[in-house]
Amino acid sequence: MKKIGRFLSSMPFAIGLLVLLAAICAVSSTITQGLSYEAYAAQYGERTAGLIMALRLDDAFHSWWFIGLSAVLCINLLCCNLIRLPSLLRRSRAFADPQRWAASGAGEAEAYGSEPGRLFKTLGMPEAKETETPKGQKALFAVRHRAGLWGAWVCHLGILLLILGFALGQMTGLQFTLYALPGQTKSLGDTGLQVTVNDFRAELREDGSAEQFTADLTVSDPTAGTTENGTVSVNAPTTLYGYKFFQNSYGWGADIRITKDGEPLQTEALCAGDFLPVKDKPELVIYFQAFYPDYIMVEGSGPSTQSMLPRNPAYLYQVYYQKQLLGMNVLQGDEKLTIDEYTVTFENPRNYTLLAVKRDHFTWLVLIGGVIMLLGLVLAFYLRPAAVCAVQEKDGNWHVYAQSVKGGVLFRETFEKAAGETGFVMKNEGDSSLRSE
């Protein structure tokens, strides 16, 4: 049981969990979230759709496996840190204990000389403290960067908080996708808030490719009678009513005008991908499938666009009656679609904005975890704990020995250089001739 417990709280097990979690999340990211079984069946087939629903890949961050793996990983990291804490405390105290160093009389670098204060200063050590060896010899001791011993432990704590904050945020957070043409107002899920897109601008480069998208928004709370305004663009989200709005993508929309026997019947603004039931015959539905701003027919692959500029607009539509497809085609420019007594016209093409809206109550925990993890990395990689102890021998000279937890060869080279500058003689390994009896 102890072996099993050690394995479950070990870093190899944590790394295995991280790899497994990352792999499954990567697979889930390729699947559009939140669709129905019918939508998945149409896209992937019934068998794959059943597997997606059974494994909750349609709502990955609320699935049993994501919650379970996150919980096990957090417990693993917590146990790993708790198990290491007592030994790390003992090690930290021992590293700063002058009596222990004075009694040991050895280090990874040793030298003999007459002015230890200069050597301490050249090494960049803090002011040395006076102490005595168990034999009553006078000793000086200094330690620096002891916090570096805690680097890995603090980094693991930060990772734990990061994972915990992300998992809790995904499990309890709210997320919506909202798209609308300028001037349209849409409900924000079941929050009771109304989102109005006042304006949407697409900035294009000289070659016609997109450079930036900006949407001016007004969010209102009809119950409270309040509103908040903001502007969102790519990589510059805005926060309204506690929800963060991201400019996620864009598309094309147009006005669809329907007349009956030459008389106006209805006019609706529709985004590509939306359906419009005819007002007095709802079983007759117009599906605005796609818009091509600069239409071209490519042999072998079908309709396409040469640029993002509306130079030769074309509309791909489908017509359904009582859920049966009647036909589909492309309308160019001012061409009209006639269905019995109805005439359908597509006009006024323009861009719509696609917004991702999120609310995460645990962003603060992720932020704290990130800061702690970065602090741990700084402690681990930039603070090299070092201790230097000088013991006065009977002849009045000083035996100075030093050790660095992470210094290795670099620390020894620094010590040798400092010793040479301050008149100290290095003791070579196995050479005791310099020690005063």
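What follows is a chat about a predicted model of one protein chain.

Reader: Before I get attached to this thing, what does the chain average in pLDDT?

Author: The model is predicted, and the chain averages a pLDDT of 87, with 97% of the residues scoring at least 70.

Reader: Which elements have the lowest and the highest mean pLDDT?

Author: Helix α3, residues 37–44, has the lowest mean among the elements, at 76. The highest belongs to strand β8, residues 226–233, at 95.

Reader: And where does pLDDT stay under 50?

Author: Over residues 429–437. The model does give that stretch 13 contacts beyond four places in sequence. Still, where pLDDT is low, the predicted coordinates should not be read in detail.

Reader: Pick Leu73 for me. What does Leu73 touch?

Author: Leaving out residues up to four places away in sequence, Leu73 touches Ala14, Leu17, Leu18, Leu21 and Ile163.

Reader: OK, over to helix α9. How many residues does α9 have, and how far does α9 reach?

Author: Helix α9 runs over residues 363–382, which makes 20 residues. From first C-alpha to last, α9 reaches 28 Å, close to the 28 Å expected at 1.5 Å a residue.

Reader: Which residues of α9 are buried?

Author: Leu365, Gly369, Gly370, Gly376 and Leu379.

Reader: And what do the buried residues of α9 pack against?

Author: They pack against α8, residues 151–172.

Reader: Switching to strands. In which sense do β5 and β6 pair?

Author: Antiparallel, over three bridges, with β5 at residues 185–187 and β6 at residues 194–204. Ser187 stands opposite Gln194 in β6. The hairpin has six residues between the strands, and Gly189 there takes a positive phi near 55°.

Reader: How many bridges does β6 have with β7?

Author: β6 and β7, the latter at residues 210–221, pair over 10 bridges in the antiparallel sense. Leu204 has Ala210 in β7 as its bridge partner.

Reader: You mentioned a positive phi in a glycine. Which loop holds Arg56, and what is its phi?

Author: Arg56 sits in the loop between α4 and α5, and its phi is near 60°, a positive value in a residue other than glycine. Most residues other than glycine have a negative phi. As for accessibility, Arg56 is partly exposed at 29%.

Reader: What about Tyr241, where is that one found?

Author: In the loop between β9 (238–240) and β10 (243–260). Tyr241 has a positive phi too, near 55°.

Reader: Now threonines. Is Thr131 buried or exposed?

Author: Thr131 counts as buried because its relative accessible area is 13%, and the cut-off for buried is under 20%. Thr131 lies in strand β2, residues 129–132.

Reader: What does the side chain of Thr131 make a polar contact with?

Author: With the side chain of Gln99, at 2.6 Å. Not counting residues up to four places away in sequence, Thr131 touches Pro98, Gln99, Gln137, Lys138 and Ala139.

Reader: And Thr259, what does that one touch?

Author: With the sequence neighbours up to four places away left out, Thr259 touches Pro264, Leu265, Glu341, Tyr342 and Thr343. Thr259 lies in strand β10 and is buried, with a relative accessible area of 13%.

Reader: Lys135 next. Buried or exposed?

Author: Lys135 is exposed, with a relative accessible area of 75%. Lys135 lies in the loop between β2 and β3 (138–144). The C-alpha atoms of Lys135 and Ala103 are separated by 8.4 Å, though the two are 32 residues apart along the chain.

Reader: Last one: what separates the C-alpha atoms of Gly117 and Gln194?

Author: 72 Å, with the two residues 77 apart along the chain. Gly117 is found in helix α7, residues 116–122, and is partly exposed at 47% relative accessibility.

Terms used. Residues are numbered from 1 along each chain as its sequence is written. This is a predicted model: local features need pLDDT of at least 70, side-chain atom pairs count only at pLDDT 80 or more; totals for chains, interfaces and linings use all residues. Side-chain values use heavy atoms; hydrogens and water are left out. Helices (H or I, at least four residues) and strands (E, at least two) are DSSP runs, numbered from the N terminus. The expected span of a helix is 1.5 Å times one less than its number of residues. Buried means under 20% relative accessible area, exposed over 50%, partly exposed in between (1.4 Å probe, protein chains only). Contact means heavy atoms within 4.5 Å. pLDDT is the predictor's confidence in each residue, from 0 to 100. A polar contact is a pair of N or O atoms within 3.5 Å; within protein, one must be able to donate a hydrogen and the other to accept it, and residues adjacent in sequence count only if both atoms are side-chain atoms. Two strands pair if DSSP finds at least two bridges between them.
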